[in-house]
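Q: Please take me through the labels attached to this model, setting each value against the cut-off behind it. I would like to see how each conclusion is reached.

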Amino acid sequence: MNPAWLELPVRAAVPPLHEALEAHGVAVLAAPPGTGKTTLVPLALAGLVEGLPGPARRVLVAEPRRLAVRAAARRMAWLLGEPVGRRIGYTVRGERRVGPDTVVEVVTTGVLLQRLQRDPELGGVDAVVLDECHERHLDADTALAFLLDVRATLRPELRLLCASATSDTAAWARLLGGEDGPAPVVEAHGVSYPVEVVWAPPARAVRPPIGTRTDPALLEHVAATVRRALGERTGDLLCFLPGVGEIARVAGMLTVEAEVLQLHGQAPQSVQDAALTVGERRRVILATSVAESSLTVPGVRIVVDSGLAREPRTDHARGLAGLVTVRASLAAGRQRAGRAGREAPGAVYRCWAEVEDARAPSFPTPEIALADLAGFALQAACWGDPDAHGLALPDPPPGGAMAAARHTLTALGAVDETGRATERGQKIARTGLHPRLGRALLDGTGLVGARRAAELVALLSEEPPRALGDDLLAVWRTVRGARDPYATRWQQEVRRLHNATPGTDPRPTGGVDRSNAPRSAAGPSDAVAAGLVVALAHPERIARARGADGPYLMASGTAAETGPGSALGGAAWLAVAVADRPAGSPSARIQRAVALDEETARLAGASLLTERAEVRWTVPPGARRGDVAARRVEELGAIELAAVPLAKPDRALLREALLDGLAREGVGTVLSWPEGAVALRQRLAFLHRVLGSPWPDVSDEALLRADWLEPELSRARRRGDLERIDTAAALQRLLPWAGGEAGRLDELAPERITVPSGSRIRVDYADERPVLAVKLQELFGWQAAPALAGGRVPLTVHLLSPAGRPAAVTGDLASFWREGYRAVRAELRGRYPRHPWPEDPTTAEPTRRTNTRK
C-alpha cells in the first residue's frame, strides 16, 4: 500500500472508530477536509489498510456529487497501488466501474437511493459511509432516513457511519442514536496552519444577485483580486464562485502567467485530474462549492472567496424551480478559507466588507426546506411512507411543499388517492430521474420512439451549456454530432435511459390520449418529437403567444418572455424546458424551450384540457357599464383555446355573475332607485342604525348577502333585467313581518309628518338625524316637533323662508320661538311683507298663504 496514508491525520481516529461501530453499529466522524476521512476510513473499514487491523467488510461510500465519487475512488485505488475497478470501484448515473473483487464502492447518494428501493436489505454490503452529511443535500438526508429504517427493521447488523467536515455533530449523534443515547462521535484533528484573512471589498457598491445573475462589476472585482493575490503571495490559488457561468466569465478576464482551471461538476475529466494534482506550473483553480469539502485540492496557499453560493428555490404557485445566487453562509466561508491552510500557512481574500458578515446566515439552509420535493415524495411513497412521518429526517419536509409534490405526483399517475406509489410510480422512480422527466421518458417512448425519447430527456436531465442557445431543437441537433465533454456525458445518459426503457407501455397514461398522436411510418418529425417530450415533462409550461411577438402565457397562468435575441421569436406555441422568474419581475424568463403546434400541445397537455361554461360580468374595453357574458370555453390550463356563445347558461351561474356585477359596480348603480325606493331604504337604514334587529341592514354589502331580489334575480339574464326590478317592492321583503314589527314602520320612521298648517311634509332620512324642512309660517303654534324611533331621536327642523330658502335650523322648537325667532323675524319681515310675522308665534295661526290671501 502507498505509504502516503501514514501522513493522513485521520489514521489516529480509525481504532476508536472501529470500536464505536463494533459496540453500537453507528457512529459520527468529524474530520475537516484533507484529513483522509473520505479515502482512508473506507479502506480501513474494509480491512485493506496494513497496520490498521479491522474485519474484512464490503463498504459502500455515498458522496453527494459525481465529481467527488470519481475523485475518491481514484484516490483510494492510488493508495492501494491498483487501477479503479478492482478492489475499489465506483458507480454514478450512467457509468459503473466495479469488478468481482470490489470491496469498496463509491456511489452518489442518488444511486444509493435507487439501490435501497430495489434491495432494502443491501445484500452483500456490511457498512455504509455517508460522506459530507453536513452539506444537507436532500438525497443524503433521505438515504440516511432509509438506512436507519433498514437497521431498525431488516439489518440491525448493518454498520452506518456519518462523516462530516464540521464539528457540529450533536444533531447527527442524536439522530443515529437509539434508546441508549446519542451515537458515539469520533473526531479527527487535521494539521491546520494559520490563514490570514484579507478583507477586499469592491471600491464601489455592487448590485446584489438577482436570480442567477451576478453583477458583472463584482466579477471584475473578483478577477482583479485574483491578480492582486497572485502578485502578493506564492502558491496555487483557489477561487470560489457560485456557478459555471461566473467561472467562465472570470476566466475570460484573467491574463496571468499561470494555468487557469475551471473546476465544476460538468468539467471534463482532464480538468478534474489537473485540479487534483500539483502541476509544474502555478495554478489558478476557479471552482464552485464542490471544492469546499468534497475535494481536496493540493498546493493551494491562497483562496479568493466571492462570498456567493447557489441554492435551489421553488415557486410552487407558478410551477417554476431552479437555482438562485445567495450570500454564502459563515460556515461555508470558514470551509473555503480553511483550504488555504491545509499544507502550509496561507491567506484568504474575501471580496466583501467584514461588517457584512453580521447579515450572513450561520449555516446553509437544508435542501429539504428549499427544493422541489416531488422526487423526495415519490421516494417516500415507494418506501411505503407517503407522508414521511415515520422517517428519521434531520428536518421535516415543509407541509406546503409536500402538498404541491403530492399534487404533481397524482397528476402524473405516480401515486393513488392515498398517496401510495402506483405501478406506474414505481416505474418512474426506477428511471432515477425527477418524476416529471421519468414520465416524459415513459410516455415519450411510446410516442416518439425509445431512442429519441432518451435523447431528449437526457437534454433535460443533463442541462446543456447556455452558449448553445435557447432553442432546444437546435441544441439537440448540435449535440448529436458533437464530441465535446458535454456531448460525452449526454451520450452516456442517453444509453442509460435507452436501456431503462426496453419496451413501451401500450396503455394511455398520465392523461395522454394516444389516439390523437401523430402517425407516420417514421414517426413524428424531430421538431414535433422535441416539443412533445418537453411538454410531457412540463405540461404546465406549455405556452402560447399573446401577440405576434409575445409575451407568452403558460398553462400554469404565469406570463413569460423570451430573452433578447432569442431564436424562438415568432413561435405561436412553446414547450418551455427551463424558466425562472427574476426577483421583482411579474413575468417568467424563458431560458430554454422548443416550438410546438397546437395539436402537439393538446396531446401533451391532455390532462390540462377542460371545457367549461363561463358566465361572468364583464366590462367591454372603453365602456363604463358591465353586463353578463356567457360562453362555452375550451382551455388548456390557463390558456384559452376556443370560445363560443352560450345560448342557455345555467341559472345558478347567471345568478352568480349578476351578483358579481352588483358587487363590482354597486347596488346603487346597477339597480334602478326611484324616489320612493330611496326613501324607504333610508328609513330602514335609520331604524337599523338606531334600533338594530329586527330592522334590516340595507347597506350595499348587506343587500348583496340577502335574498331580497328574489325571485326576480333568479329569472334575470342580463343587466337590463336587474334595472327593471321594482326595488321599493323588493325592499318590502326585508321588513320584519314576523311578530308584527313591520306594521310599526310608519310609527317609528314616518315617511311624512303633518304639521300645524295641515301640510304633510316628507322627512329626509339621508343624514344621521332625520330632517323636516318646512316653511316657518306653517309651524306657528307648534311647541315641539315629534321624536322618532319611539322617542329616541329628535327631529331636526329646517325652518325655511317663504321662498323656500333656509332661515334657521333647530332641534328644539320651543327654544327657537323664545330665543331665535325674533332675529329671524327682523331679518325676513321687510323682505317678505306679504307673509305673517306675528309677535308671538306660539299663539299665531299657522298658514301656507300670504296676509292678503288670508
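**Labels and the values behind them**

Q: Why is R310 called partly exposed?
A: In this predicted model, R310 has a relative accessibility of 24%. Buried would require a value under 20% and exposed one over 50%, so R310 falls in between and counts as partly exposed.

Q: What makes R310 and E246 a salt bridge?
A: Their closest N and O atoms are 2.4 Å apart, and because the rule asks for a side-chain nitrogen of Lys or Arg within 4 Å of a carboxyl oxygen of Asp or Glu, the pair qualifies as a salt bridge. The two residues come from distant parts of the chain, with R310 in strand β14 (residues 308–315) and E246 in helix α8 (residues 244–253), 64 residues apart. E246, at 1% relative accessibility, counts as buried, whereas R310 is partly exposed.

Q: How do you know that R70 and E95 meet in a salt bridge, and are these residues buried or exposed?
A: The N to O distance between their side chains is 3.0 Å, and since the limit is 4 Å, the pair is counted as a salt bridge. R70 belongs to helix α3 (residues 66–80) and E95 to strand β4 (residues 95–97), so that the bridge links parts of the chain 25 residues apart. Both residues are set against the cut-off of 20%: R70 has 11% relative accessibility and therefore counts as buried, and E95, at 19%, counts as buried as well.

Q: What makes β25 and β31 stand at the edges of their sheet?
A: The sheet is open, with five strands in the order β25-β26-β27-β30-β31 and mixed pairing. Each of β25 (752–754) and β31 (806–810) has a single partner strand, so one side of each is left without a neighbour in the sheet. From one strand to the next, the twist averages 30°.

Q: How do you know that β25 pairs with β26?
A: Three bridges join β25 to strand β26 (residues 760–764), and because at least two bridges are needed for a pair, the two strands count as paired, running antiparallel. Within this pair, T754 stands opposite R760 in β26.

Q: What puts the buried residues of helix α1 on the same side?
A: The buried residues of α1 (residues 14–24) are V14, L17, H18, A20 and L21. They cover an arc of only 165° around the axis, which means that they lie on the same side of α1. The face turned away from that side carries the exposed residues E19 and A23, while the buried residues pack against β1 (26–30), α2 (40–45), β7 (159–164) and β8 (185–187).

Q: What makes strand β13 largely enclosed, and which strands pair with β13?
A: Five of the six residues of β13 (residues 300–305) are buried, so the strand is largely enclosed by the rest of the structure. Strand β10 (residues 236–240) pairs with β13 in the parallel sense over five bridges, and strand β16 (residues 346–350) is joined to β13 by four bridges, also running parallel. Because a pair needs at least two bridges, β10 and β16 each qualify as a partner of β13. In β13, D305 is the bridge partner of F240, and V304 stands opposite Y349 in β16.

Note on methods. Residues are numbered from 1 along each chain as its sequence is written. This is a predicted model: local features need pLDDT of at least 70, side-chain atom pairs count only at pLDDT 80 or more; totals for chains, interfaces and linings use all residues. Side-chain values use heavy atoms; hydrogens and water are left out. Buried means under 20% relative accessible area, exposed over 50%, partly exposed in between (1.4 Å probe, protein chains only). Axes are lines fitted to C-alpha atoms, for helices over the stretch in contact, and angles run from 0 to 180 degrees between N-to-C directions. The arc is that of the directions from the helix axis to the C-beta atoms. Contact means heavy atoms within 4.5 Å.
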